Amino acid sequence: NGTVSVTAPQHSVEGFAKEFLRELNFGQGVPLSRASVNDQYLALARTVREYLMARWMETLRRQRDAHAKTVAYLSAEYLLGRQLDNALIATDLTEIVEEALTSLGIDLATLREQEVEPGLGNGGLGRLAACFVDSLATMSVPCIGYGIRYEYGIFRQTFVDGWQVEQPDTWLSLGAPWEFPHPEDAVTVHFGGSTETYTDDDGVTRSRWVPAWDVLGVPYNYMVPGYQNGRVNTLRLWSARATKAFDLQIFNSGDYAEAVRAQTFAENISKVLYPEDSTPQGKELRLQQQYFFVACSIRDFLDGLPADFDLHRLPDVVMFQLNDTHPVIGVPELMRILVDEKKIAWDEAWAITQKCFAYTCHTLLPEALEVWPVELLGRLLPRHLEIIYRINDEFLAQVRQAYPNDELRLRRMSIIAEHPERSVRMAFLATIAGAKVNGVAALHSQLLRDNVLPDFSELWPDKFTNVTNGVTPRRFVRLANPALSDLITDAIGPGWVTDLERLREMEPLADDAEFRERFRAVKLANKQRLAGVLATRDGIELRTDAMLDVMVKRLHEYKRQTLKVLHIVSLYERIISGELDPASIPPRVFAFGAKAAPGYKMAKQIIGLINHVGATVNADPRVQGALTVVFPPNYNVTLAEKLIPAADLSEQISLAGKEASGTGNMKFALNGALTIGTDDGANVEIRELVGDDNFFLFGLLEPQVAEIQAVGYDPSKYYEENATLRRAIDLIASGTFSPDDKRVFEPIVSNLLTEDRFLALADFQAYLDAQERVDVAYRDVEGWTRSAILNVARSGFFSSDRSMWDYIDRIWHSQPVVAR
Ligand code: 26W
């Protein structure tokens with residue numbers, strides 16, 4: 001069939017060197033003697049991907065032949081991280097490449113650094129999508145990931161005088177060797193206009209959409225290599241182009257400048273990733289992005305089916321998994337295609353649709369739930385609004401039948417909210433349409449049922465389920481932590497990389513003094529590696545003989561970076577006031593990594609505060625080096641891969657009931673850091689698995705939080721009654737950390753004292769007490785190492801492979817395609 005003849009190039013040092021030189025000369029067009037580092041990197045990337053090509057073709061062929069059910073993962077974000085190293089471990093080429101390049105006088109490490117990671121996501125949700133597609137490829141499960149090829153990914157963060165300044169992320173500017181554009185497969189997407197009714201040939205009155213404008217979606221394919229299993233799945237990201245109509249305008253109007261403006265308008269749709277994480281802005285362009293990629297993806301999937309395919313069988317061949325509400329407009333889109341285009345009766349179409357979608361919710365914050373004003377949705381997608389209205393009418397009729405005379409319930413459950421303006425509640429639409437609705441950790445799924453969607457879980461208890469998140473052990477252990485990986489493989493063999501529960505076999509080694517010694521050597525080596533990275537990347541000096549205490553995640557009030565700052569400020573205050581002898585505590589380095597949404601004022605303030613506290617503490621000789629704060633800018637996947645393996649302590653201190661799951665928490669545990677954390681998200685499950693002795697739990701429990709908030713929370717009480725807390729807050733308020741403008745941090749202080757939405761003051765003392773337990777535990781070097789090893793050994797559950805089996809089991813009912 002034209003693909004079977006594709007074979008991988010030779011798996012040998014000489015073979016690779018030859019292919020690499022060929023790419024450099026004939027692909028990049030330069031001789032080795034004049035090749036820049038970027039030339040070399042691009043040639044290397046193209047050489048490595050050649051080794052994946054045969055597997056990719058074979059995967060596609062097998063999938064077609066097997067007629068297996070495919071997971072179509074719909075996600076507005078994929079936070080992929082660098083591709084080169086992942087491709088190297090997937091093909092087991094690392095050593096061959098290293099040797100081949102050395103023979104040519106090239107250092108692989110230098111070329112690795114040349115890659116700009118595709119940062120096509122904000123944080124947890126986007127990184128989860130990347131872990132999931134990795135797992136499905138490794139498990140040989142048919143999956144296609146659909147998303148948007150943003151020209152600008154998450155902004156590059158810089159600090160100017162300690163304050164965040166955003167720079168555009170020009171990730172494509174030096175070449176994009178991992179993508180395969182397919183302009184010939186472009187899909188047209190329509191927008192705007194109106195709807196009309198007409199009478200078809202059979203005399204039936206029908207509705208149809210008369211759109212006003214359109215754009216093209218050009219697919220770019222990316223390889224998603226399974227780990228050493230000969231499989232490569234596809235990630236298909238859409239890029240917006242102007243349609244021919246725009247070219248015609250150029251021709252007709254003679255107004256060249258105006259026509260080019262139209263083109264720019266079309267291409268704006270995939271221009272930039274919205275950097276808001278958890279607070280939807282309700283921007284028209286964002287809705288355009290959502291409909292754009294979902295319409296392209298559904299059309300693309302349907303186009304791939306055989307011409308005579310009976311669409312009533314669609315649920316047998318696909319499950320569209322909705323990664324949060326961002327792709328939910330796909331529900332009325334599929335209905336529109338089935339009813340308006342394919343002329344399937346409404347009830348049949350609805351039955352099909354309800355079996356083809358499932359919805360994952362990733363948040364608990366009410367302000368994070370997406371709603372679209374009816375006015376906006378109706379203007380951009382008039383036919384979809386009509387379809388949503390009909391879905392709502394029929395749904396409400398069903399509710400009315402189940403609960404007669406319950407007008408309040410109808411109003412609560414309606415997809416259309418009336419206040420503050422008429423708008424479409426996307427989470428409700430997803431819940432009504434989805435075959436299943438899941439939360440991302442046990443606690444989150446429970447709160448989702450009880451607090452976010454209680455009426456729906458009462459109506460359809462079986463629709464709701466939990467799938468606890470996971471992370472890929474390939475990237476976050478094998479690739480990020482080669483030293484630990486070798487130690488583990490030495491101890492229990494290599495099988496753990498694709499069967500992470502096998503880490504359990506390490507448990508007895510926690511009691512082996514020689515193994516503990518080697519484990520500590522790995523940690524130290526990782527700290528030294530990190531010190532090297534921070535020195536060249538940011539000019540930051542990192543001491544490697546201190547406890548490394550790390551808090552990396554998006555900056556958000558509910559995650560409570562301020563609680564961490566209060567801890568540091570309190571220690572500092574106690575040292576300079578003479579209460580605490582700095583020599584009496586184990587030296588600590590506090591490392592932060594966090595981006596703030598550019599429009600989130602308070603979050604940016606907190607970043608300023610961390611940097612200013614850091615500058616003051618680091619420079620004060622009275623501290624005697626006992627406390628150091630480091631905050632490298634632009635935390636991303638690449639930096640995470642260096643930071644997490646070096647960490648001793650993982651900070652997971654969100655207010656109980658607010659962090660849906662967290663996934664950084666899992667990465668730290670798997671890399672042998674101990675967690676200090678609240679009873680929130682997946683922390684609950686981590687603690688259950690690693691054991692209370694190996695986890696520092698503190699803080700209010702979710703029901704207690706609810707209770708306090710019910711009676712009315714007064715943060716000032718804690719300030720008045722706790723002298724340690726008061727002294728820390730007063731020190732910030734005094735302007736000690738901002739001598740140039742003593743009042744800059746007033747908004748933070750006054751917010752803490754009057755509002756403190758996330759109860760940082762209420763948890764302050766418990767947090768300090770837990771940190772003292774950390775100090776005590778850390779002094780017991782052998783005991784700490786033992787706990788760290790047990791964290792690794794008992795965290796196998798948090799592999800995203802396990803998450804995928806759970807989705808298959810509880811939601812998708814799909815199957816791996818086995819090699820034949
Ligand atoms: C702009 C609107 C918006 C709203 C919500 C943008 C992005 C979101 C996401 C749902 C926020 C997000 O990333 N949630 C995180 O998802 C992770 C993966 O499930 C969880 O581990 C985190 O706890 C959750 O905050």
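**Figure 1. Where domain 1 and domain 2 meet.** In this predicted model, 40 residues of domain 1 are in contact with 33 residues of domain 2, contact being C-beta atoms (placed from the backbone) within 7 Å of each other. The side of domain 1 that touches domain 2 draws two or more residues from each of helix H6 (124-138), strand S5 (156-160), strand S6 (163-167) and helix H17 (442-452). H6 gives the largest share, with five residues. Sorted by type, this side of domain 1 has 15 nonpolar, 17 polar and eight charged residues; here Ala, Val, Leu, Ile, Met, Phe, Trp, Tyr, Cys and Pro are nonpolar, Asp, Glu, Lys and Arg are charged, and the others, Gly among them, are polar. Domain 1 covers 67-82 + 117-307 + 314-468 + 805-812, while domain 2 covers 473-798, with bounds from an automatic or database domain assignment. Their C-alpha centres sit 35 Å apart. A note on the numbering: residues count from 1 along each chain as its sequence is written. As for confidence in this predicted model, local features need pLDDT of at least 70 and side-chain atom pairs count only at pLDDT 80 or more, whereas totals for chains, interfaces and linings use all residues.

**Figure 2. Strand S13, covered on both faces.** Six of the six residues of strand S13 (residues 318-323) are buried, so the strand is largely enclosed by the rest of the structure. Helices (H or I, at least four residues) and strands (E, at least two) are DSSP runs numbered from the N terminus, and a residue is buried if 20 or more other C-beta atoms, placed from the backbone, lie within 10 Å of its own. One side of S13 shows Val318, Phe320 and Leu322, and the other shows Met319, Gln321 and Asn323, all of them buried. Strand S1 (residues 70-74) runs parallel to S13 and is joined to it by five bridges; two strands pair if DSSP finds at least two bridges between them. Threonine 70 has valine 318 of S13 as its bridge partner. S13 also pairs with strand S14 (residues 357-360), in the parallel sense, over four bridges.

**Figure 3. Around glycine 145.** Glycine 145 is part of strand S4 (residues 143-148). Is it buried or exposed? With 28 C-beta neighbours inside 10 Å, glycine 145 counts as buried. Setting aside neighbours within four places in sequence, the residues in contact with glycine 145 are Tyr73, Ser75, Tyr78, Ala129, Val133, Val224, Leu235 and Arg236.

**Figure 4. A three-stranded open sheet.** The strand order here is S15-S17-S16, with antiparallel pairing. Strand S15 (371-373) and strand S16 (416-417) are the edges, each pairing on one side only. S15 and strand S17 (residues 423-425) run antiparallel and are joined by three bridges, with tryptophan 372 standing opposite valine 424 in S17. Helix H16 (residues 426-433) lies across S15 and S17, at about 45° to S17; axes are lines fitted to C-alpha atoms, for helices over the stretch in contact, and angles run from 0 to 180 degrees between N-to-C directions.

Figure 5. Glycine 677 has leucine 697 of S25 as its bridge partner.

Figure 6. An unreviewed UniProt entry places the feature "modified residue: N6-(pyridoxal phosphate)lysine" at Lys667. UniProt positions follow the numbering used here, feature names are shortened, and annotations may be inferred rather than shown by experiment. Lysine 667 is found in helix H25 (residues 664-670). It counts as buried, with 30 C-beta neighbours inside 10 Å. Leaving aside neighbours within four places in sequence, lysine 667 is in contact with Val471, Phe476 and Ile644.

Methods: Buried ≥ 20, exposed ≤ 12 C-beta atoms within 10 Å, placed from the backbone. Contact = placed C-beta atoms within 7 Å.
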